[in-house]
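These are my notebook entries on one chain, kept in the order in which I looked things up.

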Amino acid sequence: MPVHDAAVIDNTARRRPQAPPPSRRRRFGIAVRITLGLSVMALLVLLIGGVSMSSFRLFRAEVAALSTNTLPEVITSAELHGSLQKLVAQLPQLAAAASTPQRRSIYDGLVTELDSMQLLVARMRGLMKEGDPGAGERDGNVRLLEQTRSTLLILAATVADLNAEVTRQIDYGDRQAEAARALSRLAAAIESMPDTGAWAARIGALMARAAGATQLDHLSRLKGEARSAERTLAELARLSGGAPDPTGQMMSTVQEELFSLLVAPGGLFESAIDRLQARNRAQALTGQAQVLVETVERSTRTLYDSIRDQSAERTDALAALIAERTRTVMVLAGTSLLLAVCVYFFFRRFLSTRLVAMNRAVLARLSGSRQSLHRGIAAPAGPPVPVPVDGDDEITDIGASIRYFIEEIDRRQQAVADNERRFRDLVEGSIQGIVIHRDFHVLYANDSFAAMLGMTVAEVVALPSLLSVVAVAERQALIEGYDRLLENGQSTPRRRIRACRSDGAGLWVELTGRRVDWMDGPAIQAVVVDVTREVEAEHALRQSRDAAERALDELKATQASLIQAEKMASLGQLVAGVAHEVNTPIGITITGASQLQALIGELSDRHTANALKKSDFQRFLSDGMEMASLILSNSTRAANLVQSFKLVAVDQSSDERRPFLLRDYIDELLRSLHPTYKARTALAIDVACPADLELDGYPGALSQILTNLIMNALVHALDPEQPGRIAIAARLLGPDMVELSVGDDGNGIAPDVLPKIFDPFFTTRRGAGGSGLGLHIVYNLVTGRLHGTIGVESRPGEGTRFTLRFPRVTAGA
């Protein structure tokens with residue numbers, strides 16, 4: 001402010017007369033009013049607290065009764081159910097134990113859990129005796145406990161039998177392993193013998209076949225292999241009888257040792273057969289144990305539900321008591337709220353409203369403008385807001401004092417406002433940032449410059465240095481430019497630099513500077529323009545180009561991963577179908593074994609009681625033979641299905657090359673795929689292929705091709721409820737070429753779709769889960785892995801036929 005203007009304002013203020021200061025009067029003051037209102041509120045709070053404490057004592061007594069009677073029963077029944085879940089998890093582990101320490105550890109854990117469950121049952125029974133003995137529901141719970149206790153005793157005996165069978169299975173496995181090691185040592189000894197011609201070759205073949213036969217899971221086939229090995233040893237004995245000594249003597253010695261290792265009692269075959277029988281018995285006992293566990297689970301669940309219902313009844317009674325006391329507290333709280341509202345309006349009438357009006361008037365006067373401070377919106381021109389001085393309390397005295405001082409301030413600010421208005425219209429209204437500094441200490445900044453930095457003007461002026469908002473790399477150049485401006489006084493050309501906002505965000509600005517005289521010395525005036533958007537647009541253009549290149553690389557990688565995932569999809573469908581199909585014969589086998597065990601137990605009881613009759617024994621023989629036949633047929637069925645699945649699944653998940661018969665392989669593949677289409681009773685699949693057609697190639701690739709073509713026909717060509725036919729045919733085209741065709745009589749392919757079916761990601765079932773990779777994978781496998789060709793013929797409504805031609809002996813990769 002110029003000195004002359006300040007002197008004029010000061011003289012003018014001195015010439016105006018001043019009003020006398022306000023005087024104080026004695027009254028019923030604000031402190032007394034506040035004390036009276038708060039005292040009434042405190043009395044109501046104490047009343048509510050007393051009622052709440054009384055209610056709390058009643059609640060605590062009811063909760064104590066609930067916790068000493070019903071809650072321990074609920075906790076014990078929950079612990080019983082939890083122990084049962086641990087038992088369910090450990091039973092399959094015992095049947096699958098592979099070593100004696102593992103078997104002993106699992107069995108000890110099962111015995112511990114069974115003992116713990118018996119203790120929990122005894123504890124529950126004691127809790128029920130302590131409760132109300134006349135309740136009918138408790139009598140039912142006691143019966144459930146007795147049923148659970150007896151079932152647990154049976155389960156403990158079953159677990160002991162299962163442990164014995166697993167023990168035998170592990171012992172027989174160890175014997176089998178020892179025999180296999182002895183067989184390996186014998187094979188090494190045979191290699192050091194002199195050449196014996198065909199006898200040595202047959203001995204080696206017998207030993208290799210015996211080593212492979214012991215890995216079989218089918219009991220009848222294992223016994224057949226044992227008989228075959230015994231016949232082979234007999235034939236070899238005749239061959240060695242005609243050999244001259246000492247070779248004949250060595251051959252006889254080897255045959256005797258081989259006989260003791262393979263078919264003699266305790267040999268390799270007998271150990272394998274005993275191990276397999278022990279495993280089958282262990283599986284049957286596991287099924288029986290699971291049935292008993294399910295019985296215990298039902299009993300404990302029913303017991304838990306009954307106890308929970310009893311707890312709910314007592315909880316409802318407690319809730320009713322809580323509701324009654326809550327209503328009482330709510331009435332008192334409502335009274336307190338009503339009183340608080342009255343006190344609020346009293347304080348608002350005599351205190352807060354007057355203080356708010358005084359504050360509004362003070363702020364309006366101090367800003368030097370006629371404003372309405374309600375929501376910060378400027379009011380139209382009018383008389384200044386007066387400071388209220390009505391009343392006869394302390395607020396009246398404060399208002400009178402504030403009015404006295406504000407009127408003097410208003411008179412002095414009016415002159416200052418007239419001088420500053422012209423400067424603000426010129427500089428602060430500029431859309432460009434303007435800042436004046438000396439040694440980078442801000443002397444003045446307009447609103448546009450402060451907005452660029454995300455600050456207020458006051459925050460910009462309070463900065464220790466303008467260099468703090470400039471990038472470190474730009475500071476030295478700014479200091480050099482400042483020194484040049486002070487020396488020569490010439491304006492600097494426009495310069496682009498990096499700066500930062502108060503929130504940490506970066507921005508780009510362009511600035512020019514010139515030297516000016518400001519107050520008591522030279523200073524620098526800088527005009528600043530925000531060019532962040534232009535710089536970001538240039539950067540975004542470069543990033544878009546880089547992102548497009550990365551997206552192309554990611555698209556190629558994604559396509560490769562999707563093709564690999566689609567290759568494994570058919571194997572996943574095969575696993576799901578076979579798992580579901582195997583469950584049926586295994587379930588029937590377990591049921592038959594359990595029934596057979598029950599028949600044996602009944603017969604044993606009659607024999608012990610000397611009440612066994614001939615008719616009872618004949619009926620046992622008839623029923624037992626029926627159960628044994630049922631177990632054998634279903635076990636054979638499951639074993640055959642698993643064998644087929646193992647053959648196809650191993651081929652699909654590996655790239656092994658081997659010779660194989662095409663007709664047998666197609667039959668195995670269809671047997672593995674049968675669970676996926678067995679619900680279609682009207683579907684027929686015909687195979688026309690010579691039985692002696694042998695290929696030397698990659699069965700996994702061929703399995704993937706046939707699986708995709710068959711599933712493609714089932715999904716796209718054939719309706720599930722309509723009759724349909726899939727024909728698979730193979731034949732030789734000359735000595736080295738094979739033709740394989742897969743056709744159906746379904747819906748066919750439209751002419752506009754036919755040229756695109758081998759394209760990747762092309763599908764007509766995009767919304768129904770199709771990926772469009774199945775036939776693309778078929779095309780790649782035929783042309784790549786099999787080194788062949790594939791063609792397709794189709795007409796709408798007349799079906800589709802895929803024809804593959806590839807070499808019978810596939811060339812190496």
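**Bridge partner, to begin with.** I looked up Ile-790 and found that its bridge partner in S12 is Leu-804. The two strands concerned, S11 and S12 (residues 799-807), pair in the antiparallel sense over 7 bridges. For my own record, helices (H or I, at least four residues) and strands (E, at least two) are DSSP runs numbered from the N terminus, and two strands pair if DSSP finds at least two bridges between them.

**Basis of the entries.** I am reading a predicted model, in which local features need pLDDT of at least 70 and side-chain atom pairs count only at pLDDT 80 or more, while totals for chains, interfaces and linings use all residues. Residues are numbered from 1 along each chain as its sequence is written, and side-chain values use heavy atoms, with hydrogens and water left out.

**The chain as a whole.** I noted 17 helices and 12 strands in the chain. Of its 813 residues, 35% count as buried, where buried means under 20% relative accessible area, exposed over 50% and partly exposed in between, with a 1.4 Å probe and protein chains only. Among contacts (heavy atoms within 4.5 Å) between residues at least 6 apart in sequence, 69% join residues at least 24 apart.

**Mixed sheet.** I traced an open sheet of 5 strands in the order S7-S9-S10-S12-S11, with mixed pairing. Strands S7 (683-688) and S11 (789-795) stand at the edges with a single partner strand each, so one side of each is left without a neighbour in the sheet. The twist averages 10° from one strand to the next; here and below, axes are lines fitted to C-alpha atoms, for helices over the stretch in contact, and angles run from 0 to 180 degrees between N-to-C directions.

I then followed strand S10 (residues 737-744), where 7 of the 8 residues are buried. S9 and S10 run antiparallel and are joined by 7 bridges, with Leu-732 standing opposite Val-738. The two strands form a hairpin with 4 residues between them, and Gly-734 in the turn has a positive phi of about 80°. S10 also pairs with S12, in the antiparallel sense and over 8 bridges, and in S12 the bridge partner of Val-738 is Phe-806.

**Helix H17.** I found helix H17 (residues 774-785) lying across S11 and S12, at about 140° to S11. H17 has 12 residues and reaches 16 Å from its first C-alpha to its last, close to the 16 Å expected at 1.5 Å a residue; the expected span is 1.5 Å times one less than the number of residues. The buried residues of H17 are Gly-774, Leu-775, His-776, Ile-777, Val-778, Leu-781 and Val-782. Just after H17, I noted that His-787 takes a positive phi of about 55°.

**H16 against H17.** Helix H16 (residues 699-717) packs with H17 at an angle of about 150°, their axes 9 Å apart. The two helices are therefore roughly antiparallel to each other, given that angles under 35 degrees count as roughly parallel, over 145 as roughly antiparallel, 65 to 115 as roughly perpendicular and the rest as oblique. H16 passes H17 in a left-handed crossing, the term for a near helix turned anticlockwise from the far one by less than a right angle, with right-handed meaning clockwise. The contact includes Ile-705 and Leu-709 of H16 and Val-778 and Leu-781 of H17.

**H15 against H16.** For H15 and H16, I recorded axes that come within 11 Å and cross at roughly 45°. That makes H15 oblique to H16, and their crossing is right-handed. Among the residues that meet are Leu-669 and Leu-673 in H15 and Leu-706 and Ile-710 in H16.

**Antiparallel sheet.** S3 and S4 (residues 506-518) pair in the antiparallel sense over 6 bridges, and Ile-497 has Val-509 in S4 as its bridge partner.
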